[in-house]
Amino acid sequence: MVIAFSPQSALGQLLLLRSIAIVLQLILVLISILLLDKSIPHQPVFTVIALESLFQLVSIVLYRRSREISERAMTLQLMADIVFLSVLLSFLGGASNAFVSLLLLPCIIAAVTVSIGYVLFVSASALLSYGYLYLAVTMPMHHHGMHMGEHLLGMFVNFVFMVVVTVGVVAILVKRIREREALLAKTREKQLQQEQLLALGSAAAQVTHQLATPIAHLNLLLEELREDFPEHPAVSEMHGPLSQCRIQLDSFREQTELLKLKRQEKAQSTQFVIAQLEELMTLQYPEQSLSIVEKTSSVEINGDPMLVPSLLNLIVNAAKANERADKYHIELTAYAEGGKWYLLIKDEGKGIAQKKLDDLGKSIVESDTGFGMALLLTHATLERVNGELHLENLAEGGVLSTAVLPIVGLS
């Protein structure tokens, strides 16, 4: 039989502890029968241990292919431990048995493994079980001994106090540990993303440097061709694409210098940003119709040198989605609200697969059209300026990209 769960998992540790507990129960009962108290009810005690052993085997068979189980299933396992221990103790002296404090163990395990609602349920069950052992089993046996009754009552009060304090402290510590682990995981994720962006930036800079020389050489050849064949239509058609390549390379160099020297502007107007986006889209995708609606007046936002290229990536993605669907309209809506500036970009494409939508912009996602590099860069830039990026599929088709940026200069 193949066992998938490991001893390090919560399920593995619980089943291991129960196996040890069953063995110890058998040993202690046998020692008590042979050496100490021969009046122990043999048949009921061994029946309870046998049923617990059977439950353990069934649990191993059911969960042998599971590395972890749900919180509800874990709670049911802990409740079974409480029930078996309570029934066993009811034949062995009830609350006067020294091992009654083991009812605290399922509460502690619950505090470590399940959420607070289930923890409260398990703790309440343990308290009710102890109360039953004290009132229904122990008190009738010791109703003649006043001192023993006070002692058992003190043990009950102490158990209640231990459950409240121990479970509370453990739950708080586990919560802090989980928050710290989540923070570390987020930090590792951001570090990995930064490493990916650094590698991508280095590759882009190298490619740009390698393209600069051949483009300059082509420009010289074009000038010679214009002198020799001024009326040739191919010469005129070559001028536009080469000029666009030169402009894009110059823009990339300028942005790189700004980042290197950290000469970032303090703020820039949203009107200027939208004007730049419109100009760049007209240059790169003249066949696309770009409608712009500004619902509020212009405001000031962070002037990061990579902001405009990042927002342009969103519009370029919209244009490419339109091209694949034979559509030609992109709608931009801008407005300021609640100290933030919103830029909504709506295309008429076929949308994005839902399983990829949540990961786009946060990690490299392979698809037929690329790896989502542009959205990854856009997301990183918006995060750097305390902005946000939201992507969603529209019911009528297409994708709505929403960039949210804080307005600067507000008191």
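Biologist: Where does Ser 129 sit?
Modeller: Ser 129 lies in helix H5, which covers residues 116-141; helices here are DSSP runs of H or I with at least four residues, strands are E runs of at least two, and both are numbered from the N terminus. This is a predicted model, in which local features need pLDDT of at least 70 and side-chain atom pairs count only at pLDDT 80 or more, while totals for chains, interfaces and linings use all residues. Residues are numbered from 1 along each chain as its sequence is written, and side-chain values use heavy atoms, with hydrogens and water left out.

Biologist: Is Ser 129 buried or exposed?
Modeller: Ser 129 is buried, because its relative accessible area is 9%, and buried means under 20%, exposed over 50% and partly exposed in between, with a 1.4 Å probe and protein chains only.

Biologist: And what is Ser 129 in contact with?
Modeller: Setting aside neighbours within four places in sequence, Ser 129 is in contact with Ile 82, Ser 86 and Leu 103, where contact means heavy atoms within 4.5 Å.

Biologist: Ile 82 is in H3, I think. Which residues make the contact of H3 with H4?
Modeller: The axes of helix H3 (residues 71-90) and helix H4 (residues 104-113) come within 10 Å and cross at roughly 170°; axes are lines fitted to C-alpha atoms, for helices over the stretch in contact, and angles run from 0 to 180 degrees between N-to-C directions. That crossing makes H3 roughly antiparallel to H4, since angles over 145 degrees count as roughly antiparallel, under 35 as roughly parallel, 65 to 115 as roughly perpendicular and the rest as oblique. On the H3 side the contact is made by Glu 71, Met 74, Leu 78 and Ile 82, and on the H4 side by Pro 106, Ile 109, Ala 110 and Thr 113.

Biologist: How do the residues of that contact divide?
Modeller: The contact of H3 with H4 has 6 nonpolar, 1 polar and 1 charged residues, counting Ala, Val, Leu, Ile, Met, Phe, Trp, Tyr, Cys and Pro as nonpolar, Asp, Glu, Lys and Arg as charged, and the others, Gly among them, as polar.

Biologist: What about H1 and H3, at what angle do their axes cross?
Modeller: The axes of H1 and H3 cross at roughly 10° and come within 11 Å, which makes H1 roughly parallel to H3. Among the residues in this contact are Leu 11, Leu 14 and Arg 18 of H1, together with Met 74, Leu 78 and Asp 81 of H3.

Biologist: How many residues of H3 are buried?
Modeller: H3 is mostly covered, with 14 of its 20 residues buried.

Biologist: Switching to H2, which of its residues are buried?
Modeller: In H2 the buried residues are Val 45, Val 48, Ile 49, Glu 52, Gln 56, Ser 59 and Ile 60. They are on the same side of H2, because they cover an arc of only 115° around the axis, the arc being that of the directions from the helix axis to the C-beta atoms. These buried residues of H2 pack against helix H1 (10-35) and H3, whereas the face turned away from the buried side carries the exposed residues Gln 43, Leu 57 and Leu 62.

Biologist: New topic: where is Asp 326, and is it buried or exposed?
Modeller: Asp 326 is in the loop between helix H9 (307-324) and strand E4 (329-337), and it is exposed, with a relative accessible area of 57%. Its phi is near 60°, a positive value in a residue other than glycine. Most residues other than glycine have a negative phi.

Biologist: Which loop holds Asn 386?
Modeller: Asn 386 is in the loop between helix H11 (373-384) and strand E6 (388-393); its phi is near 65°, also positive in a residue other than glycine, and at 66% relative accessibility Asn 386 counts as exposed.

Biologist: Last one, what does Thr 402 touch?
Modeller: Thr 402, found in strand E7 (residues 399-406) and buried at 11% relative accessibility, touches Tyr 342, Leu 343, Leu 344, Glu 388, Leu 389 and His 390, not counting residues up to four places away in sequence.
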